[in-house]
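Dear colleague,

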Amino acid sequence: MNRLQGLRELSEVKQVARENIVNWFDKAIAEGEAKGEARGQRSILVRQARARFGAQTAAELSHQLEHVSSPGKLDTIGEWLINCATGEALLAKIHQA
């Protein structure tokens, strides 16, 4: 009887471990996707800045965006890129934020 109980407990432990591994894997995949999306969004913003304001603004923007990963903040910077008249105005706005 004790052996049967031990087997049940072992089965439960395996199930919990399996669920934890699946959850960890899903979380790692989601985090990787989010990082990749942010990297892509930053790249687009830098290319757009280069096309609109030139290489110097694009280089400075790239530097300022290195640690920005929030999709909302990147979207806001994209709107500023459209609305700012100069590269200097864009960089100043980002620096103030």
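Predicted model: local features only at pLDDT ≥ 70, side-chain atom pairs only at ≥ 80, totals over all residues.

Residues are numbered from 1 along each chain as its sequence is written, and side-chain values use heavy atoms, with hydrogens and water left out.

Helices are DSSP runs (H or I, at least four residues), numbered from the N terminus. Two packed helices are described by the angle between their axes and the distance between the axes. The axes here are lines fitted to C-alpha atoms over the stretch in contact, with angles from 0 to 180 degrees between N-to-C directions.

Helix H1 and helix H2

Helix H1 spans residues 2–53 and helix H2 residues 55–65; their axes come within 7 Å and cross at roughly 155 degrees. The two helices are therefore roughly antiparallel (angles over 145 degrees; those under 35 count as roughly parallel). Their crossing is right-handed, that is, the near helix is turned clockwise from the far one by less than a right angle. On the H1 side, Arg42, Leu45, Val46, Ala49, Arg50 and Phe53 are in contact with Ala55, Thr57, Ala58, Leu61, Ser62 and Leu65 of H2, contact meaning heavy atoms within 4.5 Å. The residues of this contact of H1 with H2 comprise eight nonpolar, two polar and two charged. In this classification, Ala, Val, Leu, Ile, Met, Phe, Trp, Tyr, Cys and Pro are nonpolar, Asp, Glu, Lys and Arg are charged, and the others, Gly among them, are polar.

Helix H1 and helix H3

The axes of H1 and H3 come within 10 Å, crossing at roughly 10 degrees. That angle makes H1 roughly parallel to H3. Ala38, Gln41, Arg42, Leu45, Gln48, Ala49, Arg52 and Phe53 of H1 meet Pro71, Leu74, Asp75, Ile77, Gly78, Leu81, Ile82 and Asn83 of H3. The contact of H1 with H3 has nine nonpolar, four polar and three charged residues.

Helix H2 and helix H4

The axes of H2 and helix H4 (residues 87–96) come within 10 Å and cross at roughly 10 degrees. H2 is thus roughly parallel to H4. Thr57, Glu60, Leu61 and Gln64 of H2 form the contact with Gly87, Leu91, Ile94 and His95 of H4. By class, the contact of H2 with H4 holds three nonpolar, four polar and one charged.

Buried faces

In H2, the buried residues are Thr57, Ala58, Leu61 and Leu65 (buried means under 20% relative accessible area, exposed over 50%, partly exposed in between, with a 1.4 Å probe and protein chains only). These residues cover an arc of only 100 degrees around the axis, which puts them on the same side of H2; the arc is that of the directions from the helix axis to the C-beta atoms. Ala55 and Gln56 are exposed on the other side of H2. The buried residues of H2 pack against H1, H3 and H4. One of them, Thr57, has a relative accessible area of 8%, and Thr57 touches Gly87 and Leu91, not counting residues up to four places away in sequence.

In H4, Gly87, Leu90, Leu91 and Ile94 are buried. Their arc around the axis is only 95 degrees, which puts them on the same side of H4. The face of H4 turned away from its buried side carries the exposed residues Glu88 and Gln96. The cover over the buried residues of H4 includes H1, H2 and helix H3 (71–83).

Kind regards

How values were computed. Parallel < 35°, antiparallel > 145°, perpendicular 65-115°, else oblique.
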